[in-house]
Amino acid sequence: MFAAAVDSYLEEIVRPRLRPLREPSVQPGALKIYLGDLAETFANPGSVTAANGCLLINSANAPIASDEQVAEIIAGYRSELHLALACGVQAALPNAAPHRQEVLAETLTGLVVAAFSLARIVPGEAAQLLRNGVELLES
């Protein structure tokens, strides 16, 4: 049942938001738009995302995460998120050294995960983490 709920959540909520970062030709500004839009969503206290956070990140912080299959699903989501953000970094900074691109993609992945973890508690801080990610991308 959990897997079915996750599949629905990924297809209806997560992947549409990540789609511009997964296109064959990612636009240079796609990652900045993703982070900015997500920050605005967190900054809006009436948004579903700000009120609920992320199903998978919430699950990672709950006892259900000790189940091996659930842990694999959560790890798969994190990998999918990282890959999308890495594609966005490469499009935004095509001339950066590969190591810098990877470090930035890992850092931004961590910021997104942290923002989702904080969304229900302090949505303003979650939004600020993502704005900080945009600044990192631009610096």
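Start with this: are α2 and α7 roughly parallel or roughly antiparallel to each other? They are roughly antiparallel. The cut-offs for that wording are angles under 35 degrees for roughly parallel, over 145 for roughly antiparallel, 65 to 115 for roughly perpendicular, and oblique for the rest.

Some ground rules. This is a predicted model, where local features need pLDDT of at least 70, side-chain atom pairs count only at pLDDT 80 or more, and totals for chains, interfaces and linings use all residues. Residues are numbered from 1 along each chain as its sequence is written, and side-chain values use heavy atoms, with hydrogens and water left out.

Back to the pair. Helix α2 covers residues 30-43, and helix α7 covers residues 123-138. Helices here are DSSP runs (H or I, at least four residues), numbered from the N terminus. The two axes come within 7 Å and cross at roughly 165°. Axes are lines fitted to C-alpha atoms, for helices over the stretch in contact, and angles run from 0 to 180 degrees between N-to-C directions. The crossing of α2 past α7 is left-handed, meaning the near helix is turned anticlockwise from the far one by less than a right angle.

Who touches whom? On the α2 side, the residues include Leu31, Leu35, Leu38 and Phe42. On the α7 side, Leu130, Val134 and Leu137 are among them. Contact means heavy atoms within 4.5 Å. By class, this contact has twelve nonpolar, two polar and four charged residues. Ala, Val, Leu, Ile, Met, Phe, Trp, Tyr, Cys and Pro count as nonpolar, Asp, Glu, Lys and Arg as charged, and the others, Gly among them, as polar.

Now the other partner, α6. The axes of α2 and α6 come within 11 Å and cross at roughly 15°. That makes α2 roughly parallel to α6. This crossing is left-handed. From α2, Leu31, Tyr34, Leu35, Leu38 and Phe42 meet Leu108, Val112, Ala115 and Phe116 in α6. The count by class is nine nonpolar, no polar and no charged residues.

Next, the core. The largest nonpolar core has 43 residues. Such a core is a set of buried Ala, Val, Leu, Ile, Met, Phe, Trp, Tyr and Cys residues joined through side-chain atoms within 4.5 Å. Those with the most contacts inside this core are Leu21, Leu31, Tyr34, Phe42, Tyr77 and Val112. The largest share, nine residues, comes from α5. Take Tyr34. Beyond four places in sequence, Tyr34 touches Arg17, Leu18, Leu21, Leu81, Leu85 and Val112.

Ser59 lies in helix α4. Ser59 is buried, at 7% relative accessible area. The cut-offs are under 20% for buried, over 50% for exposed, and partly exposed in between (1.4 Å probe, protein chains only). Ala97 sits in the loop between α5 and α6. Ala97 is partly exposed, at 44%.

Methods
Helix = DSSP H or I, 4+ residues; strand = E, 2+ residues; numbered from the N terminus.
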